[in-house]
Amino acid sequence: MDRKHGPWAPWFFLGLFVVASFLMIWRLEAMSESGVEGTVLGTLVMPYCSGMGNLIFAFVLGAKGGPARKC
């Protein structure tokens, strides 16, 4: 584990993810009730749900033999 951030860092980021997820769902429900169509909501949310960017990044690093992270 990375000693720079301490042992509490994974729990902090997990909590931050859960709070952000609930906040996004709450606001999307409010937008949905005000008459925004489902396709618009899908267009707003899909880039955050898609992992394609991460997969492309991992492929490029793997193909070039680059490091996964800099130390």
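1. Leucine 14 is partly exposed, since its relative accessible area is 44%, where buried means under 20%, exposed over 50% and partly exposed in between, with a 1.4 Å probe and protein chains only. Leucine 14 belongs to helix H1, which covers residues 9-33; helices (H or I, at least four residues) and strands (E, at least two) are DSSP runs numbered from the N terminus. Together with Trp11, Phe17, Val18 and Phe22, Leu14 makes a nonpolar surface patch of about 610 Å².

2. The model is a predicted one, in which local features need pLDDT of at least 70 and side-chain atom pairs count only at pLDDT 80 or more, while totals for chains, interfaces and linings use all residues. Residues are numbered from 1 along each chain as its sequence is written, and side-chain values use heavy atoms, with hydrogens and water left out.

3. As a whole, the protein has three helices and zero strands, and its elements run α-α-α from the N terminus on. Of its 71 residues, 7% count as buried. The accessible surface comes to about 6600 Å², of which 70% belongs to carbon and sulfur atoms, the areas being computed by the Shrake-Rupley method with a 1.4 Å probe.

4. The 25 residues of H1 should span 36 Å at 1.5 Å a residue, and this agrees with its end C-alpha atoms, which are 36 Å apart; the expected span is 1.5 Å times one less than the number of residues. Just after H1, glycine 35 takes a positive phi of about 105°.

5. Two aromatic pairs are found in a search of the whole structure, where rings of Phe, Tyr and Trp (its six-membered ring) pair if their centres lie within 6.5 Å, and planes under 30 degrees apart count as stacked, over 60 as edge-to-face and the rest as tilted. Tryptophan 8 and phenylalanine 12 are edge-to-face because their ring planes stand at 80°, with the centres 6.0 Å apart. Phenylalanine 12 also forms an edge-to-face pair with phenylalanine 13, at 5.4 Å centre to centre and 65° between the planes.

How values were computed
Patch = residues over 30% accessible without salt bridge, like charges linked within 9 Å, V, L, I, M, F, W, Y side chains within 5 Å. Salt bridge = Lys/Arg side-chain N within 4 Å of Asp/Glu carboxyl O.
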